[in-house]
Amino acid sequence: VQLQASGGGLVQPGGSLRLSCAASGIIFRINDMGWYRQTPGKAREWVASITSSDSTNYADSVKGRFTISRDNAKNTVCLQMSGLHPEDTAVYYCNANVVSVQNIPLDYWGQGTLVTVSS
């Protein structure tokens, strides 16, 4: 199973950006999917998550500005980011808990996509 993230880039403060992540490989089912971010010298932090039934949760720092969504048919998860702050600058990683055909759940990570918020 591989997760491929895309959509990062440079955006001005107050701007918007949409991140996407697609899971590929032999997948029986995907449980929770989510986004994390990391800046140099800091631990990776959770940003948002979404269950297979579309229940969502957000970190307080992004609540009201970011929206997570998923397409179960395409095995994708997206993060729509608006009202971006310079403090949102980070490498963003997607995560998925994937259940194999042997009914074994494992966590997978995307390769990370850089988001830079700067004027």
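The torsion about the S-S bond between Cys21 and Cys94 is about 55 degrees, so this disulfide is right-handed. Cys21 belongs to strand E3 and Cys94 to strand E9, so the bond ties together parts that lie 73 residues apart in sequence. The two sulfur atoms are 2.0 Å apart, and both Cys21 and Cys94 are buried. The model described here is a predicted one, and the count of disulfides in it comes to one. A further cysteine, Cys78, is buried as well, because its relative accessible area of 12% falls under the 20% limit. The sulfur of Cys78 has its closest cysteine sulfur in Cys21, at 8.7 Å, which is too far for a bond.

Four strands make up an open sheet, arranged in the order E1-E3-E8-E7 with antiparallel pairing. Strand E1 (2–6) and strand E7 (66–71) stand at its edges with a single partner strand each, so one side of each edge strand has no neighbour in the sheet. On average, neighbouring strands of this sheet are turned by 15 degrees against each other, direction ignored. Within the sheet, strand E3 (residues 17–24) and strand E8 (residues 76–81) are joined in the antiparallel sense by six bridges. One of the residues to look for here is Arg18, whose bridge partner in E8 is Gln80.

Two hairpins come next. Strands E4 and E5 run antiparallel and are joined by five bridges; Arg37 stands opposite Glu45 in E5. Six residues lie between the strands of this hairpin, and among them Gly41 takes a positive phi near 85 degrees. Strand E5 also pairs with E6, again in the antiparallel sense, over three bridges. Here Ile50 has Thr56 in E6 as its bridge partner. The hairpin of E5 and E6 has five residues between its strands.

Asp54, in the loop between E5 and E6, has a positive phi near 70 degrees. The relative accessibility of Asp54 is 46%, so this residue counts as partly exposed. Asn75 is likewise not a glycine, and its phi is positive at about 55 degrees. This residue sits in the loop between E7 and E8 and, at 22% relative accessibility, Asn75 counts as partly exposed.

The interior can be followed through its nonpolar residues. In soluble globular proteins, nonpolar side chains tend to be buried together. The largest nonpolar core in this model has 29 residues, and Trp35, Leu79, Met81 and Tyr92 are the members that touch the most others. Two or more residues of this core come from each of E1, E3, strand E4 (29–38), strand E5 (45–50), E7, E8, strand E9 (90–99) and strand E11 (113–117). Strand E9 gives the largest share, with five residues. Apart from neighbours within four places in sequence, Leu79 is in contact with Leu17, Arg18, Leu19, Trp35, Val47, Ala48, Phe66, Thr67, Ile68 and Tyr92.

A charged residue provides the last stop. Arg65 is placed in the loop between strand E6 (56–58) and E7. Is Arg65 buried or exposed? At 14% relative accessibility, Arg65 counts as buried, because the limit for that class is under 20%. The side chain of Arg65 makes polar contacts with backbone oxygens: one belongs to Ser61, at 2.8 Å, and another to Gly83, at 2.9 Å from a polar atom of the Arg65 side chain. When neighbours within four places in sequence are set aside, Arg65 is in contact with Gln80, Met81, Ser82, Gly83, Leu84, His85 and Asp88.

Note on methods. Residues numbered from 1 in each chain as written. Predicted model: local features only at pLDDT ≥ 70, side-chain atom pairs only at ≥ 80, totals over all residues. Heavy atoms only, no water. Pairing = 2+ DSSP bridges. Axes fitted to C-alpha atoms, helices over the stretch in contact; angles between N-to-C directions. Core = buried A, V, L, I, M, F, W, Y, C linked by side-chain atoms within 4.5 Å. Buried < 20%, exposed > 50% of the residue type's maximum accessible area, 1.4 Å probe, protein only. Contact = heavy atoms within 4.5 Å. Polar contact = N/O pair within 3.5 Å; in protein donor to acceptor, adjacent residues only side chain to side chain. Disulfide = S-S within 2.5 Å.
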